[in-house]
Amino acid sequence: MSTSTVDLVDYDDAVRRYDPVLGLEVHVELGTRTKMFCGAEVEFGGDPNSQVTPVSLGLPGALPVVNRTAVEYAIKIGLALNCSIAESCRFARKNYFYPDNPKNFQTSQYDEPIAYDGYLDVELEDGTVFRVEIERAHMEEDAGKNTHVGGADGRISGAEYSLVDYNRAGIPLVEIVTRPITGVGERAPEIARAYVRTLRDIFRALGVSEARMERGNVRADVNLSLRPTPESPLGTRTETKNVNSFRSVERAVRYEVSRQAAVLDAGATVIQETRHWHELSGITSSGRVKSDAEDYRYFPEPDLVPVAPSRDWVERLRAEQPELPVERRRRLQGEWGYADAEMRDVVNADAVDLIEATVAAGSSPAGARKWWMGELARRAKSDDVELAALPVSPAQVAQLQGLVDSGRINDKLARQALEGVLAGEGDPEDVVVARGLEVVSDDGPLLEAIDAALAAQPDIAEKIRGGNLGPVGAIIGAVMKATRGQADAGRVRELVVERVG
Ligand code: MN
């Protein structure tokens, strides 16, 4: 791995002088009960090598059988991406040696993908819709997982030994490959991110995968090249492998634009290669010089018959297609009564599912939005994590808002209660009790505080007595301060008016 630091061109400068072209390859692990070509059960987090069969270990004589559900899921994905579904297609062997690949080939599809020639409309942050052309969606199997022990950053170089877990080997994947995405300009990072997020939403809507990025259910390979002008032929691309968060997709594109611009500015040529993404430093580094397809010596898989989905089956799946993300978003926006811009912010913050769950747990849509897009969004940003990764559940947010609605706490106290929830102190209810955050509803202490405030500010007290309620806020403020924010401001106002009346 090359660790030499490289000069980068400022991003805005780079996209002024070069035209970026994207290409995205997204792998999604299908949520089938068993593997692609054998009956090994698939479950996240099992003991290493406990979910294997002779087929997924590539033992001599073991013969694969296609998982029908995986084919069904692949067709559903193809239909959602507006693809044609092949009348007949074959699997192919993609030959390469690597320890996580026990057969020395990956069973994939090559020139006969199950779905091809589609498109996906992606909504960007300002509401613009950008169409991404899909070249193909094909079926394949996942590889096992290598763990390199003893090295500095978990990579093989410098490791003392490596472990291989074949539980993942043979899990069904669908790989979705775009055509070169042109016309993206300076919005390349945003478009890449929005595309992957839209796909993730589709996988979930279809129920074909949990599509959890943080578990590696969805992984993106980000291809990027630069050319001098939109009229120039395509430049040489790099492929940054296995980027597994939306934010990283965006950052990887930005980084490669800046890096490749520097290479081209220096009069050098971009090398066609795969690159590694480094989450912490936000850079890519050289991987291996990219193999052309010929190097894999693809040939049709002799142990499997072609897959020929009947038109009846395809049409039935088309008719059963569930509500897709764009329609769902429109429906929820209507149900929640959000303005267009509010809904877009919610979508861009990846908060649709969170707010839906919060509303389902009893919160008002406005209350749910207030917390997820306000305090929690700020917290996610400062902690540099996705919203969903915050240690608070939609049910807890709903409970918090419930405490506000019932008048037991006000917004200010609720923020303190939320702080406690995020700090692991339990549910909002527990935090309110433990930290003594409840609003003072007993009039006794409030009247005491009001009298003290009136006595301390006699000129204001005089004005209020004279019927001028303008400065009443100063008294309320003093009472809030005296009760450490635990007074109900509305009640305090009523009491002040009564007191001076
Ligand atoms: Mn692949």
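**Entry 1: a starting point.** In which loop does asparagine 82 lie? I found asparagine 82 in the loop between α2 and β2. Helices here are DSSP runs of H or I with at least four residues, strands are runs of E with at least two, and both are numbered from the N terminus. Asparagine 82 is not a glycine, yet its phi is positive, at about 60 degrees. By the rule used, a residue is buried if 20 or more other C-beta atoms lie within 10 Å of its own, exposed if 12 or fewer, and partly exposed in between, with C-beta atoms placed from the backbone.

**Entry 2: ground rules.** I noted that residues are numbered from 1 along each chain as its sequence is written. This is a predicted model, in which local features need pLDDT of at least 70 and side-chain atom pairs count only at pLDDT 80 or more, while totals for chains, interfaces and linings use all residues.

**Entry 3: another asparagine.** I then turned to asparagine 49, which sits in the loop between β1 and α2. Asparagine 49 has a positive phi of about 60 degrees without being a glycine. Asparagine 49 is partly exposed, and 15 other C-beta atoms lie within 10 Å.

**Entry 4: the whole protein.** I stepped back and counted 16 helices and 14 strands. The C-alpha trace spans about 95 × 55 × 50 Å along its principal axes. Of the 501 residues, 37% are buried. I also checked contacts, meaning pairs of residues whose C-beta atoms, placed from the backbone, lie within 7 Å. Among contacts between residues at least 6 apart in sequence, 69% join residues at least 24 apart.

**Entry 5: domains.** How is the protein divided in its domain assignment? The assignment gives domain 1 (11-317), domain 2 (337-435) and domain 3 (443-500); such bounds come from an automatic or database assignment. Taken over C-alpha atoms, the centres of domain 1 and domain 2 are 34 Å apart. Five residues of domain 1 are in contact with five residues of domain 2.

**Entry 6: the nine-stranded sheet.** I traced an open sheet of nine strands with mixed pairing, in the order β2-β5-β6-β9-β1-β10-β11-β12-β13. β2 (84-85) and β13 (283-289) stand at the edges with a single partner strand each, so one side of each has no neighbour in the sheet. Two strands pair if DSSP finds at least two bridges between them. β1 and β10 are antiparallel and share ten bridges, and leucine 24 has valine 222 in β10 as its bridge partner. β10 also runs antiparallel to β11 (residues 238-243), with four bridges; there alanine 220 stands opposite valine 243 in β11. Is β10 mostly covered or mostly open? It is mostly covered, with eight of its ten residues buried. Further along, β5 (residues 115-123) and β6 (residues 129-141) run antiparallel and are joined by eight bridges. Leucine 120 stands opposite valine 132 in β6.

**Entry 7: helices across the sheet.** I looked next at α2 (residues 68-80), which lies across β2, β5, β6 and β9 (172-178) and runs at about 165 degrees to β6. Helix α3 lies across β1 (19-29), β5, β6, β9 and β10 (218-227), running at about 20 degrees to β1. Axes are lines fitted to C-alpha atoms, for helices over the stretch in contact, and angles run from 0 to 180 degrees between N-to-C directions.

**Entry 8: cores.** A nonpolar core is a set of buried Ala, Val, Leu, Ile, Met, Phe, Trp, Tyr and Cys residues joined through C-beta atoms within 7 Å. The largest one has 69 residues, and Leu22, Ala74, Ile114, Ala137 and Ala192 have the most contacts inside it. Helix α3 (residues 188-206) gives the most to this core, with nine residues. A second, separate core has 42 residues, including Leu403 and Ala487.

Entry 9: I finished with an open, antiparallel sheet of three strands in the order β4-β3-β14. Its edge strands are β4 (105-108) and β14 (299-300), each with a single partner strand. Four bridges join β3 (residues 92-95) to β4, where lysine 94 has glutamine 106 as its bridge partner.

How values were computed
Contact = placed C-beta atoms within 7 Å.
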